[in-house]
Amino acid sequence: MLFPEKMRVRSEDVPYMKTSRKNAIRAKRKASSKYYKDKSAHDWEVEQRCRNEATRQRRTAIKQYWKRKPMN
């Protein structure tokens with residue numbers, strides 16, 4: 001099973017969600033499903049690259065969000 005039966009879906013995106021990050025998440029999911037179909041070494045490398053890119057974008061987006069947000 002690739003994804004859990006229940007996924008948490010938000011009514012609105014988190015404030016640091018950008019289009020590039022959404023595209024990275026979509027690419028990650030697409031690469032994962034492709035890898036789980038045939039499990040080739042090439043698909044594993046693509047899946048790793050997409051996963052790492054999505055994680056990298058998530059971390060930088062959160063850091064930038066908190067740097068811009070004014071502290072009380």
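These entries record my look at aromatic pairs and salt bridges in a predicted model.

**Basis.** I worked on a predicted model, in which local features need pLDDT of at least 70 and side-chain atom pairs count only at pLDDT 80 or more, while totals for chains, interfaces and linings use all residues. I number residues from 1 along each chain as its sequence is written, and side-chain values use heavy atoms, with hydrogens and water left out.

**Aromatic pairs.** I took rings of Phe, Tyr and Trp (its six-membered ring) as paired if their centres lie within 6.5 Å, with planes under 30 degrees apart stacked, over 60 edge-to-face and the rest tilted. I found four aromatic pairs by this rule. I then noted tyrosine 65 and tryptophan 66 as an edge-to-face pair, at 5.2 Å centre to centre and 75° between the planes. Tyr16, Tyr65 and Trp66 form one aromatic cluster.

**Salt bridges.** Lysine 22 bridges to aspartate 13, with the closest N and O atoms 2.7 Å apart. Glutamate 47 meets arginine 51 at 3.8 Å, N to O. For glutamate 53 and arginine 56 I recorded 2.5 Å, N to O.

**Accessibility.** I called a residue buried under 20% relative accessible area, exposed over 50% and partly exposed in between (1.4 Å probe, protein chains only). Glutamate 47 is buried at 6%, whereas arginine 51 is partly exposed at 32%.

Technical notes:
Salt bridge = Lys/Arg side-chain N within 4 Å of Asp/Glu carboxyl O.
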